[in-house]
Amino acid sequence: MKIGELAKRTGCDVETIRYYEKSGLLEEPPRSAAGYREYKDGHQERLQFIRHCRSLQIGLADIRLLLELKSNPAAGCDGVNDLLDHHIERIKGQMESLRLLQEQLLALRHQCATPQSIQECAIMQNLSEAAGDQDCVCHPTP
């Protein structure tokens, strides 16, 4: 199949497929006599694996490692478990950062309960004061 067909089957952008080839995640396919890339079912399978990993926010370096592990099916899966455990810890950290960000934004949002002019908006005043190195409600000093 040609690259357009592979893109259609996998829901992946053509440029992304080319990027995965250049980065070595997806093996470059043989070319036809006319110079077109001729993808096989194995390319589709691997691309779907990559896309599934990306949907889980797994980075390209970790996907590369998973693909290496996948190429040795008889080996133990400790490496896979370690990789996922590390990814889970990273996600926990991101969630905590997002929770803190939400609290900061809520504190800022509570500064303006009723619509007012921009000049009198407590949110805008707070943002402007913080830009001038003054204390703000969203980043309280300990």
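**Close-up views of a predicted model**

View A. E89 and K92 are 3 residues apart in helix 5, so about one helical turn separates them; helices are DSSP runs of H or I of at least four residues, numbered from the N terminus. Their closest N and O atoms are 3.3 Å apart, forming a salt bridge (a side-chain nitrogen of Lys or Arg within 4 Å of a carboxyl oxygen of Asp or Glu). E89 is partly exposed at 48% relative accessible area, and K92 is partly exposed at 49% (buried is under 20%, exposed over 50%, partly exposed in between; 1.4 Å probe, protein chains only). The model is predicted: local features need pLDDT of at least 70 and side-chain atom pairs pLDDT 80 or more, while totals for chains, interfaces and linings use all residues. Residues are numbered from 1 along each chain as its sequence is written, and side-chain values use heavy atoms, without hydrogens and water.

View B. The side chains of D62 and R90 meet in a salt bridge of 3.5 Å, N to O. D62 lies in helix 4 and R90 in helix 5 (residues 78-109), so the pair ties together parts 28 residues apart in sequence. R90 is partly exposed, at 33% relative accessibility.

View C. E5 and R9, both in helix 1, lie 4 residues apart, about one turn of the helix. Their side chains form a salt bridge of 3.0 Å, N to O. A network of salt bridges links E5, R9 and D41.

**View D. Loop residue Q57.** Q57 sits in the loop between helix 3 (41-55) and helix 4 (60-70). Its phi is near 65°, a positive value in a residue other than glycine. Q57 is exposed, with 56% relative accessible area.

Terms used. Helices (H or I, at least four residues) and strands (E, at least two) are DSSP runs, numbered from the N terminus.
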